[in-house]
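Good morning, colleagues. I shall speak briefly about the spaces inside one protein model and then about its aromatic rings.

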Amino acid sequence: MPEKIKVVVNEDKCYLCGGCAGVCPTLAINVSPSKWEFFQDKCIYCRICIAACPVGALSAEPLGVGE
Ligand code: SF4
Ligand code: SF4
């Protein structure tokens, strides 16, 4: 089981291209023309999105107990 994380976006870097949403196997990210959204309950901690972002806008934070 991979370490539990939450995925966070750096809004200064993200240009809402939708690439991360496109590669997420569980549809845990939604990108619209106005915002980037993450759905913790769907995330399986694979980190594919973080590797896929062309501008390095995504990072992982440890998920605390109870989050
Ligand atoms: S870590 Fe994996 S499951 Fe979670 S949002 Fe990124 S691509 Fe989706
Ligand atoms: S791939 Fe990167 S730049 Fe594109 S929407 Fe996702 S976080 Fe933003």
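This is a predicted model: local features need pLDDT of at least 70, side-chain atom pairs count only at pLDDT 80 or more; totals for chains, interfaces and linings use all residues.

By class, 13 nonpolar residues and 1 polar residue make up the lining of the largest cavity, with no charged residues.

How many cavities of 30 Å³ or more does the structure hold? There are 2.

Let us turn to the second of them. The second largest cavity contains about 60 Å³ of space. It is lined by 13 residues, and V7, C24, C43, C46 and C49 are the closest to its centre. Sorted by class, this lining has 11 nonpolar residues, 1 polar and 1 charged.

Next, the ligands. Which ligand sits in the largest cavity? That place is taken by ligand 2. Around ligand 2 there are 14 residues, and C14, C17, G18, C20 and C53 come nearest. The shell around ligand 2 consists of 12 nonpolar and 2 polar residues, and no charged residue belongs to it.

Ligand 1, for its part, sits in the second largest cavity. The residues around ligand 1 include the cysteines C24, C43, C46 and C49. Also around ligand 1 are P25, T26, A28, I29, F38, I44, Y45 and R47. By class, the shell of ligand 1 has 10 nonpolar residues, 1 polar and 1 charged.

F38 leads us to the aromatic rings. The count of aromatic pairs in this model is 1. The ring centres of W36 and F38 lie 6.3 Å apart with their planes at 15°, so this pair is stacked. The cut-off that matters here is that planes under 30 degrees apart count as stacked. Are W36 and F38 buried or exposed? Both residues are buried.

Thank you for your attention.

How values were computed. Residues are numbered from 1 along each chain as its sequence is written. Chains are lettered from A and ligands numbered from 1 in the order in which they are written. Side-chain values use heavy atoms; hydrogens and water are left out. A residue is near a molecule or strand if one of its heavy atoms lies within 4 Å of it. On a 1 Å grid over the protein atoms alone, a cavity is a set of points where a 1.4 Å probe fits but cannot get out, and a pocket is an open set with protein on both sides within 12 Å along at least five of seven lines; lining residues have an atom within 4 Å of a point. A molecule sits in a cavity or pocket if more than half of its atoms lie within 2 Å of its grid points. Ala, Val, Leu, Ile, Met, Phe, Trp, Tyr, Cys and Pro count as nonpolar, Asp, Glu, Lys and Arg as charged, and the others, Gly among them, as polar. Grid points are joined across faces, edges and corners, and a volume is the space filled by probe spheres set on the points. Rings of Phe, Tyr and Trp (its six-membered ring) pair if their centres lie within 6.5 Å; planes under 30 degrees apart count as stacked, over 60 as edge-to-face and the rest as tilted. Buried means under 20% relative accessible area, exposed over 50%, partly exposed in between (1.4 Å probe, protein chains only).
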